[in-house]
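Have the sequence and the 3D view open side by side. We'll take a friendly walk through the fold, one stop at a time.

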Amino acid sequence: MSSIVYFFMFVLLFNNVAFFTCRSAEPGTTGINATVVPAANTAGSSPMPRIPLYIGGFFAFPGDKIFGALPYTAQTAVDHINNLTGILDGYELRMRWRLTDGKPADALKLLNDLLYEGPPVLMSWGPIFSRQALVVNEVAAKYNLVQVCLANSQALRDRPRYPKTVQMYWSEDSVNPARVAFINYMKWTKVAIIFEDIEYFRLNVENLVSKLKDANISVIATEAISDVNAPDQQLLSLKRHDARIIFALSYFDTAIRMFCKIYHISMFGPKYVWISIGWYPPGWWEAIRPDMDCTAHELEEALQNHLSVPLWRSVDDVRDIHYNGIRPPEYQLDFIRGLLAREGVDRLEHIESYDVLITIAMALNRSIEKLAQLDPPRALQEFTYEDSNMSAALLESVYETRFVGPTGPILIEDGGYRSEKDVRQFIAQFQGKKSLEIIECVNSCQSFKEVDDMRFHWPGGSAPVDGKTYRTEHVVISEATRLIFYVLSALGILMDLVFLGINVKYREERAIKISTPPLNNLIVLGSLLLYISVFLFGLDESSFQKDTIIRFCHMKSFLVCVGISLAFGALFMKTYRIHAIFSRAVAKLKRVDLPNFKLILGVFLAVSVDIVIFTVWILLGQTDIDEITSVPVLDMSQPERELYIVSVSPYCTSQYLVYFSGVIYITKGILLVFGIFLAWETRTISVSSLNDSTYIAMSIYTVAIFLALVLPTLNLEVVRTNVTTHFAVLCSAIIVTNTTVLCLVFLPKIYLLRKYSRKNFQVSMMTKYISNASMSTFNDCADSNVSRLHQRLQRKEEKLKRLKRDLDLVASSLQKKRPWIQPDEATNHEKEQSV
């Protein structure tokens with residue numbers, strides 16, 4: 001930046017422009033140079049001629065109905081000052097000025113004129129545009145020229161760079177709190193920004209982005225216009241980002257080109273809100289250049305309902321105006337009333353400009369005493385651009401100036417800018433051909449109030465939205481479904497407790513005792529845990545903390561696994577006892593040693609495996625929460641709001657989920673296969689009147705079938721993503737299998753308890769070892785075996801008798817042939833031959 005400054009200083013040294021003088025500047029004056037000469041002092045006559053004091057003036061845009069008329073307001077302010085007694089007595093205030101057309105180069109030419117042609121200026125009014133002030137004020141400080149300006153760039157508060165600049169206008173950054181507050185007021189959560197890529201707007205955008213993020217408002221896109229004649233790519237980028245609420249920050253000549261392009265790409269209408277600068281002059285969109293392919297009417301159409309954030313301040317009552325105790329006369333107050341009666345920016349620029357002139361005059365008046373105290377003493381008319389001491393005294397006098405002007409109390413802060421305490425901030429909307437103030441920001445922008453019953457006009461009757469909004473909703477199980485399964489589970493728990501009571505109370509009864517009551521208790525306990533798990537599966541976890549959800553996940557899995565191990569492990573142990581009895585005791589007539597505690601240990605072995613698995617899982621598994629998200633669905637109750645509902649259902653996952661789940665499935669699978677094998681092996685074993693083995697086999701088959709059907713179903717996408725369906729399928733499997741097992745195990749026993757008494761209740765059995773299907777008792781079976789063995793013994797004895805008879809015949813035959821052989825010898829000889 002310093003190289004640019006030195007370049008402009010070089011231009012100033014060699015650029016000498018003739019300086020013309022005119023007696024006054026009427027509205028619309030377009031002269032190259034002009035000097036405002038005040039009218040004669042009507043407050044009283046002076047025997048001595050008044051000494052002229054010169055100040056500079058950087059005015060812009062000749063012929064403009066606002067900026068082009070500012071020289072007239074400045075001249076009037078100078079006339080009012082010169083006609084007041086007590087301010088610059090003995091001096092005449094004059095202004096050397098030029099219309100710079102808002103261009104930095106023209107402003108530098110004027111600065112060159114002020115520095116090298118004509119009488120020196122003690123202070124300068126302006127520039128009013130920051131793009132001029134950022135260049136001119138940096139150069140002017142090298143020549144000890146104090147600049148009192150309305151330019152509002154935040155960069156001008158950089159004291160090392162702009163040590164001689166005094167900002168009378170609020171900075172553009174002071175608008176940002178109102179902008180952010182309005183976004184919150186409209187409940188918009190995402191915005192976009194497009195700005196002219198110069199230092200003034202770049203710094204303002206950085207501050208705005210910071211405040212938006214602090215308010216949790218997303219900035220979805222930020223586009224900088226480097227070529228003001230072609231903002232096409234930046235606008236198309238905003239369109240690709242689906243930006244709806246857009247801050248457009250630029251000078252109005254750039255804004256004209258930008259809104260022309262906005263019109264052609266149809267980025268206006270009910271879906272878009274553009275928020276532009278609040279200090280554009282009225283009718284600014286009409287300044288269309290010949291090279292633009294838009295008409296003023298088309299720009300008006302694109303601008304309809306766009307917003308701006310204007311700021312202004314003014315005294316509540318003009319009679320409160322005083323210049324450090326000096327009251328302006330009535331004719332001056334009438335002129336000020338006329339300024340305050342203007343609208344919008346027209347009022348703003350003129351009353352602010354009026355106060356800048358009063359501030360300069362008050363500071364010069366105050367510096368008279370300070371200059372007299374310098375060594376050597378100096379007078380105002382002795383100022384030169386080389387005199388840094390006089391410049392410092394003038395700047396210090398500005399800081400000490402206090403008065404009440406048309407814009408209210410004047411107070412310059414230590415940083416060289418005016419206090420912004422009395423600034424009023426509004427939200428204005430372009431309606432028809434005017435920008436109307438609709439609401440005012442109050443309570444430090446904590447709230448808004450309506451202005452004269454004004455209303456926003458929105459196409460379609462409602463405010464636009466900030467784009468497609470995706471609202472996350474935690475999916476919860478249908479209340480009706482939850483209630484149904486909670487009732488069924490509660491009934492199952494009640495039935496469970498009834499069966500437990502019967503099993504304990506009648507455990508000595510023959511019908512209960514032969515079915516192993518301790519194992520029945522374990523079946524009841526396991527079923528109870530499974531029923532309880534239904535209540536945990538139905539919990540609404542959306543309001544729980546992450547750690548709480550993880551705990552519930554562990555509890556649900558643990559209850560299901562342990563419940564299966566207890567209930568079905570005990571059921572399988574009962575089947576194993578029947579199998580052992582009939583495969584060993586009955587078939588092989590061997591004693592079977594299977595006391596209850598061994599069977600119970602077998603059940604708890606399965607439970608201990610579950611405990612070990614879950615302990616390792618909890619300690620090493622690093623369980624976390626993940627979410628299943630559904631396809632966004634448009635909320636048709638208010639389709640214009642473009643609200644899409646995204647259903648989210650959390651679920652637990654862990655680093656080693658696959659491995660731990662695999663281990664659990666394998667252990668439960670082994671347990672189930674073992675049960676199915678035992679059920680198949682004992683399929684033909686029945687217990688007369690009790691038929692326990694058949695019911696156990698039916699229970700095992702029921703569990704196996706449900707697992708084969710339910711597990712694949714739960715992993716289907718349509719079921720896994722619908723929490724109500726998933727809950728219904730899972731709980732149906734739990735309740736149906738649980739209830740089936742309990743009924744098959746206990747209902748036959750309850751029936752026998754009611755049908756038989758202790759006296760006449762007998763148990764008889766039929767096994768696969770009996771060839772027919774008659775109702776043979778266990779004793780009949782044993783008798784049959786004894787009878788068969790007796791018959792075989794009789795057949796052996798008969799055979800032995802036949803052999804003896806044959807042997808006697810052989811012995812007799814041998815004795816006849818060999819009479820010398822004794823019968824005993826014959827017998828021995830026959831035995832030898834037989835051997």
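Predicted model: local features only at pLDDT ≥ 70, side-chain atom pairs only at ≥ 80, totals over all residues.

Residues are numbered from 1 along each chain as its sequence is written, and side-chain values use heavy atoms, with hydrogens and water left out.

**The big picture**

The protein has 23 helices and 23 strands. Both kinds of element are DSSP runs numbered from the N terminus: helices are H or I with at least four residues, strands are E with at least two. Of its 835 residues, 49% count as buried. Here buried means under 20% relative accessible area, exposed means over 50%, and partly exposed is in between (1.4 Å probe, protein chains only).

What about contacts, meaning heavy atoms within 4.5 Å? Among those between residues at least 6 apart in sequence, 73% join residues at least 24 apart.

**A covered helix**

Now find helix 2, residues 70-82. From its first C-alpha to its last, this 13-residue helix reaches 18 Å, close to the 18 Å expected at 1.5 Å a residue. (The expected span is 1.5 Å times one less than the number of residues.) Helix 2 is mostly covered, with 12 of its 13 residues buried. Among the buried ones are Leu70, Pro71, Val78, His80 and Ile81.

**Two cores**

A nonpolar core is a set of buried Ala, Val, Leu, Ile, Met, Phe, Trp, Tyr and Cys residues joined through side-chain atoms within 4.5 Å. The largest one here has 158 residues, and those with the most contacts inside it are Trp125, Leu238, Trp274, Tyr323 and Leu364. Helix 11 (residues 344-372) gives the largest share of this core, 12 residues.

Which residues does Tyr323 touch, not counting residues up to four places away in sequence? The list is Leu84, Ile87, Pro328, Ile336, Tyr354, Ile358, Met362, Phe403 and Val404. There is also a second, separate core of 49 residues, including Ile493, Leu522, Val723 and Cys731. Cys731 is buried, at a relative accessible area of 0%. Cys743, on the other hand, counts as partly exposed, because its relative accessibility is 22%.

**The disulfides**

Take a disulfide to be a pair of cysteine sulfur atoms within 2.5 Å. How many disulfides does this rule give? The count comes to three, and here they are:

| Disulfide | S to S distance |
|---|---|
| Cys260 and Cys294 | 1.9 Å |
| Cys441 and Cys445 | 2.1 Å |
| Cys553 and Cys652 | 1.8 Å |

Number the bonded cysteines in sequence order and the pairing reads 1-2, 3-4, 5-6.

Look at Cys260 and Cys294: their link is right-handed, with 90° about the S-S bond. This pair links distant parts of the chain, 34 residues apart: Cys260 sits in helix 8 (residues 252-264), and Cys294 in the loop between strand 10 (273-276) and helix 9 (296-303). Cys260 and Cys294 are both buried.

For the disulfide of Cys553 and Cys652, the torsion about the S-S bond is about 80°, so this link is right-handed. Cys553 lies in helix 16 (residues 546-586) and Cys652 in strand 21 (residues 643-653), so this pair too links distant parts of the chain, 99 residues apart. Both of these cysteines, Cys553 and Cys652, are buried.

In the remaining pair, Cys441 is buried at a relative accessible area of 9%, and Cys445 is buried at 12%.

His306 lies in the loop between helix 9 and strand 11 (307-308). Is His306 buried or exposed? His306 counts as buried because its relative accessible area is 5%. A polar atom of the His306 side chain lies 2.9 Å from the backbone oxygen of Leu303. His306 also touches Trp274, Ser276, Ala428, Gln429 and Phe430, leaving aside residues up to four places away in sequence.

Ala140 is found in helix 4 (residues 130-140). Its relative accessible area is 0%, so Ala140 is buried. Not counting residues up to four places away in sequence, Ala140 touches Leu111, Leu145 and Gln147. Ala140 and Tyr162 are 22 residues apart in sequence, and their C-alpha atoms are 9.0 Å apart in space.

Notes:
Contact = heavy atoms within 4.5 Å. Polar contact = N/O pair within 3.5 Å; in protein donor to acceptor, adjacent residues only side chain to side chain.
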